[in-house]
Amino acid sequence: MTDFITYVIQGIPFGCVFALVAVGLVLTYKTSGVFNLAFGAQAFVAASLYYVLHVRHGWPTLLAFALVVLVISPLLGLLLDVLIFRHLRTASPIAKLVSSLGLLVAVPEIVTILVLGESSTFGVVGIWWNDNALYRFSDYVIDGKEMAIIVSTLLVVLLLGLLFRFAPIGLRMRAVVESPRMTELAGVNADRVSAFSWMLSSLLAGLAGVLLAPLYASLAPQNFTTLLIAAIAAAAFARLTSIPMALVGGLLLGIIQALLSGYLPPASVIAQSVKPTLPFAALFLLLLFWPGLRSAIQNKDPLSGVDPPPDPSVAVTRGRFLTNATRVSGVVVGTGVLLWLLTAATTYWIGIATTAVVLSIVFLSITVITGMAGQVSLCQATFAGVGAFSTAQIVKVLGLSVLPTLLLGAAVAAVVGALLAVPMLRLGGIFLSLGTLAFAVMFDTLLAPLGWVSGGAHPVSVPRPIGFVDDRPFLILCVVVLAIVSVFVIFIRRGTTGRYLTALRGSETAARSIGINPTRIRILAFAVSAGIAGLGGGILAVQKGVAVKEDFGYFYGLFFVVLVVTLMPSTVEGAINAGVGFALVPEVLKLVGVSSSWQFVLFGLGAITYARHPEGVLEFQKGKSLAAIQKRLPARLRGPVPGPTPVPTGGAD
Amino acid sequence: MSLLDAVNITKRFAGITALDAVSMQVESGESVGLIGPNGAGKTTFFNCLLGMLRPDAGSVTFDERDLTRAPVYRRARAGIGRTFQRIELFAGMSVRDHLLVAERCRLGTGRFWKDILNLAAPSGDEKARVLATLELLRLDDVADAPIESLSLGRGRLVEVGRALMTEPKLLLLDEPSSGLDASETAALADTLRAVQSERGTAVLLVEHDVEFVRTFARRLYVLDFGTLIATGATAAVLGSAEVRKAYLGETV
Ligand SMILES: Nc1ncnc2c1ncn2[C@@H]1O[C@H](COP(=O)(O)OP(=O)(O)O)[C@@H](O)[C@H]1O
Ligand SMILES: [Mg+2]
């Protein structure tokens with residue numbers, strides 16, 4: 001019994017942090033419809049600023065804490081609302097999610113580059129007067145860091161309770177949370193409420209960040225991102241609606257995690273992988289089985305009928321001029337580069353070109369699932385990993401030759417994709433994205449470390465196929481595979497599957513009304529997409545000679561989406577642009593002499609524009625500059641000036 | 001046995017009873033009108049018939065098959081087609097593609113392996129049938145225009161055409177004349193009559209244009225606040241005092 005209580009007490013501090021994050025997530029989701037993945041990034045900003053002020057510059061604890069948590073964090077929230085999310089109010093939830101994903105990728109890198117610099121970030125000090133002070137409550141002991149967390153959380157709960165009960169803005173927020181439309185009809189200024197809730201949730205992010213920082217040895221953005229994803233489970237427990245439930249969910253999560261690690265034999269494999277996996281498994285299961293959550297998706301606001309129709313979808317028709325210009329320059333440049341690679345280029349550049357080609361294959365999987373099927377999957381890197389590990393293991397265990405095995409690896413990934421899609425598709429929208437994210441992290445923590453998957457501590461090596469051992473022939477092989485997969489994708493898009501997917505994207509209601517079975521067609525899309533990712537992953541392993549789990553971590557899954565979405569999610573050309581960008585941008589940055597982390601900033605910020613430019617911001621800019629050039633041309637040479645013509649075509653009900 | 005037999009359909013939304021035990025029968029080839037003031041539950045009834053909404057109680061039998069629990073696409077394949085009050089088109093598709101995709105869906109010949117082998121292009125037959133429908137609705141001049149460039153009225157016609165391509169036995173039309181001018185409305189009515197006489201399609205029409213209803217429907221159902229308040233032959237129903245009061249806002 002004392003063991004039990006000890007474990008429960010051990011779980012409370014982390015549970016409190018989960019709870020703070022979950023409350024923040026629920027707040028912004030309910031008041032602005034944004035599922036804010038950037039919350040982890042906001043926490044990291046606060047933790048970093050606090051660290052720099054307090055530890056590096058020796059500011060007093062309280063001053064640093066007050067400035068960072070009470071001033072800068074709310075301002076950051078206000079900034080995000082005013083600059084980004086306020087303008088996305090009518091955008092789809094999924095577009096909002098992608099925007100916040102862009103921030104999650106970009107912001108920590110900006111902070112690392114501008115605030116933390118290259119020097120080490122060890123020795124984070126907490127806000128309690130003595131981090132290591134021990135407090136005894138009869139048999140149980142907690143230290144200063146944990147005390148700080150518990151006391152702050154209690155304070156926050158108390159203040160939130162008072163705010164929602166007595167303060168006018170709190171009452172309005174509560175009303176907005178119940179029914180945004182009703183509140184607006186009652187004349188409440190939604191902008192003010194949303195700004196306030198962003199500031200409040202950002203304050204919670206800052207607080208969580210500062211409280212959490214000393215629990216880790218050094219400041220690393222991954223810790224905050226992982227924590228954020230874990231806390232989503234608590235938010236899901238609260239059905240993304242109830243703040244008290246979010247608190248309970250967070251605490252439960254922390255406590256169960258502590259109980260698990262307490263009772264499971266400490267050295268066993270299960271204990272080592274189950275504990276970190278728990279929040280993601282919980283999220284996954286909650287998404288699938290938590291009844292309240294599913295009904296929260298179905299039962300919309302009682303006043304949803306009075307909503308203005310969603311933004312008109314914009315016809316993104318590429319002008320013929322742009323199409324031809326792109327094609328011609330693409331072929332010319334492509335051939336030129338290929339010739340150079342095959343004759344004069346050094347091994348180094350051949351390696352980079354190969355990476356570009358292989359990643360292009362992986363990115364074609366995003367063209368299928370996001371560009372064609374309109375679903376944002378955050379586990380494409382994991383599918384690539386499944387393909388890579390399967391290929392490596394089959395070659396090793398069965399001794400098959402590499403080329404056919406790559407296809408087997410792709411098939412395994414396709415099956416995994418289809419199996420994942422079956423339950424996930426019932427959810428749809430952002431819940432599908434969150435589910436794929438949970439799957440990706442679960443794979444990383446639970447399966448990827450296992451011997452029979454990745455080889456564990458000894459990654460499985462994969463030989464290059466006979467005849468393609470040298471770098472140049474291997475590059476040619478990759479180019480051929482890319483060409484085949486590209487044609488495959490183009491045929492699918494032109495074919496029945498592609499048309500059905502376009503119909504479903506345009507109006508799922510109407511598509512079903514003519515007899516299209518959305519589930520079947522989307523499972524197919526998932527399987528195809530996962531298969532392509534698996535093939536790309538397998539080839540990546542062959543290129544490197546070994547399948548390493550670090551190449552397929554969940555963060556890559558996030559970055560891949562951000563990258564492709566910034567470029568052009570809907571076309572083969574966009575995937576190839578993304579592949580080239582992935583391999584080349586770090587080189588360019590190196591040449592210019594700046595940190596290669598800027599690539600995350602670049603593409604992360606690019607993804608924020610997804611809501612407004614679903615065709616990809618680069619494509620949008622290209623179209624705009626071309627239009628400008630064409631205006632200067634004599635009329636005879638001018639093609640039709642490209643540009644979207646917005647006309648309402650309806651949308652999902 | 002009627003073509004459509006909907007029995008005691010009840011649907012509640014968070015406290016509002018949008019439909020209260022509404023029953024309706026439609027025979028093959030019949031023209032039936034469903035009228036009622038805004039918010040009476042007409043669209044909700046369509047949504048329950050086709051499965052976009054799950055009714056809280058009641059059953060739907062169509063063509064001798066119990067579809068109460070069937071998903072939308074099954075009901076569509078069983079032969080119920082519809083258009084939408086708030087227009088629902090496929091962004092990024094041409095007018096012709098709207099009809100082609102519905103035609104392909106009806107035939108059910110789309111196979112993934114055909115896609116991969118680039119064998120999925122529309123056949124001559126498919127193209128011809130689509131063209132015939134386009135001509136019937138006088139949409140052939142905009143066949144290859146992007147759907148975004150159409151007026152609301154012609155967008156509605158595309159919806160009708162798309163529904164017709166699935167060769168429904170019963171066509172549900174939700175306020176098809178809104179956005180159409182008088183001559184377009186008359187043309188639509190003629191087209192619908194032509195389709196009915198040619199294919200024996202039954203039509204269930206929700207419509208505010210009383211003239212359209214009077215000339216088109218043989219029988220009427222009248223909904224008010226989710227309850228059926230009258231049903232019978234068109235002229236009789238439109239003449240009844242209760243209907244005039246509820247629907248036409250007349251005081252007797
Ligand atoms: N998805 C929904 N959620 C909540 N209430 C709804 C929903 N759809 C319709 N309603 C309500 O049901 C009632 C009937 O609406 P509707 O069927 O659209 O009427 P009609 O088509 O006859 O104008 C209205 O009060 C409307 O507000
Ligand atoms: Mg209606």
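Guide: Across the interface of chain B and chain A, the rule finds one salt bridge. Keep in mind that this is a predicted model.

Visitor: Which side chains meet in that salt bridge?

Guide: A:R499 and B:D97. The N to O distance is 3.4 Å.

Visitor: How many residues does the contact take from chain B and from chain A?

Guide: Chain B gives 36 residues, and chain A gives 36 residues.

Visitor: And how much area do they bury between them?

Guide: About 3,100 Å². Carbon and sulfur atoms carry 64% of it.

Visitor: New topic. What coordinates the magnesium ion, ligand 2?

Guide: B:T43 through OG1 and B:Q85 through OE1, at 2.0 Å.

Visitor: Where do B:T43 and B:Q85 lie in chain B?

Guide: B:T43 is in helix α1, residues 42-50. B:Q85 is in the loop between β6 (80-82) and α3 (95-107). So the pair ties together parts that are 42 residues apart in sequence.

Visitor: Is B:T43 buried, partly exposed or exposed? And what about B:Q85?

Guide: B:T43 counts as partly exposed, because its relative accessibility is 26%. B:Q85 also counts as partly exposed, at 31%.

Visitor: Take A:L159. Which helix is A:L159 found in?

Guide: Helix α5 of chain A, residues 144-166.

Visitor: Why does A:L159 count as exposed?

Guide: Because its relative accessibility is 52%, and exposed means over 50%.

Note on methods: Residues are numbered from 1 along each chain as its sequence is written. Chains are lettered from A and ligands numbered from 1 in the order in which they are written. This is a predicted model: local features need pLDDT of at least 70, side-chain atom pairs count only at pLDDT 80 or more; totals for chains, interfaces and linings use all residues. Side-chain values use heavy atoms; hydrogens and water are left out. Helices (H or I, at least four residues) and strands (E, at least two) are DSSP runs, numbered from the N terminus. Buried means under 20% relative accessible area, exposed over 50%, partly exposed in between (1.4 Å probe, protein chains only). Donors are N, O and S atoms within 2.8 Å of the metal (3.2 Å for Na, K and Ca); water is not among the atoms, so sites may look incomplete. Contact means heavy atoms within 4.5 Å. Buried area is the accessible area (1.4 Å probe) that two parts lose on being put together, summed over both. A salt bridge is a side-chain nitrogen of Lys or Arg within 4 Å of a carboxyl oxygen of Asp or Glu.
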